[in-house]
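Today I'm opening my notebook on the aromatic rings of this chain. I want to look up which ones pair and where they sit.

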Amino acid sequence: MKIGIIVAMDKELRQLQQLFSDGNVRVEKCGIGKVNAALGAQRMINEFHPDCIISSGCAGGNGDDIKVQDVVISAELCYHDVYCGRAIDDTTIYGQVQGLPARFQADPYLLNKAINLQTTDIALHPGLIVTGDWFVDSKDKMREIVGHFPEAKAVDMESCAIAQTCYINKVPFISFRVISDVPLRDTDASQYHNFWDTIAEHSFQVTKTFVESL
């Protein structure tokens with residue numbers, strides 16, 4: 001099986017590349033944000049022809065049960081900054097690109113594998129990941145997002161764009177997002193910066209364990 005892994009930043013790329021030496025696993029950096037994510041996913045598909053794509057990286061968390069270093073698994077994904085209006089089609093909902101699914105579903109086989117991973121010290125949370133071109137560094141912004149998607153477990157800047165690209169290309173997809181901070185509990189993003197200094201490397205082992213299970 002050929003597996004493509006996409007990350008957004010150099011620090012994520014360095015940590016994940018150290019975990020994989022198999023030529024059937026390719027780790028690439030797309031850059032931050034939705035456009036970079038979509039371009040990176042399409043490039044991965046065109047050049048590597050993977051059997052599945054994994055988005056791996058960090059995200060802000062949401063929910064009383066979510067803690068820093070937990071991992072959110074994308075059971076489903078949508079955008080928190082997309083609204084197509086009701087002028088043409090009153091069935092399109094907030095977060096949905098008109099003509100595409102309201103929410104992109106993770107591949108059922110990959111999701112089942114992910115949910116059943118055996119991890120001893122990292123909590124896994126399947127659920128909704130919402131994506132937008134905004135680094136959430138304030139409680140007000142997080143409250144706005146959660147107001148639309150109260151059930152969201154993670155907020156990031158790439159996953160849904162990769163999911164959309166994979167949906168169009170019919171490539172199975174799943175996202176793993178390590179929680180680097182919980183914005184509603186942190187006023188200045190200090191959790192995010194401490195995350196990179198202390199625990200990020202350990203957290204990305206979940207992606208390695210998942211790949212080994214396939």
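I looked up ring pairs first: in this predicted model I get four aromatic pairs.

I started with tyrosine 83 and tyrosine 94. Their ring centres are 5.9 Å apart and the planes meet at 25 degrees; under 30 degrees counts as stacked, so I'm writing this pair down as stacked. Both tyrosines are in the loop between β4 (71-79) and β5 (104-105), eleven residues apart.

Are these two buried or exposed? Tyrosine 83 has 51% relative accessibility, so I call it exposed. Tyrosine 94 comes out at 29%, so I note it as partly exposed.

Next I checked phenylalanine 104 and tyrosine 167. I find the ring centres 5.6 Å apart and the planes at 65 degrees, so this pair is edge-to-face. Phenylalanine 104 belongs to strand β5 and tyrosine 167 to helix α5 (residues 159-169), so the pair ties together parts 63 residues apart in sequence.

Phenylalanine 104 is at 5%, so it goes down as buried. Tyrosine 167, with a relative accessible area of 47%, is partly exposed.

Which residues form an aromatic cluster? I found Tyr83, Tyr94 and Phe149 together in one.

Last entry: charges over rings. I see the charged end of lysine 2 over the ring of phenylalanine 48, 4.6 Å from the ring's centre. I also have lysine 141 over the face of tryptophan 134, 4.1 Å from the ring centre.

Methods: Residues numbered from 1 in each chain as written. Predicted model: local features only at pLDDT ≥ 70, side-chain atom pairs only at ≥ 80, totals over all residues. Heavy atoms only, no water. Phe/Tyr/Trp six-rings, centres within 6.5 Å; stacked < 30°, edge-to-face > 60°. Helix = DSSP H or I, 4+ residues; strand = E, 2+ residues; numbered from the N terminus. Buried < 20%, exposed > 50% of the residue type's maximum accessible area, 1.4 Å probe, protein only. Lys NZ or Arg CZ within 6 Å of the ring centre and 35° of its normal.
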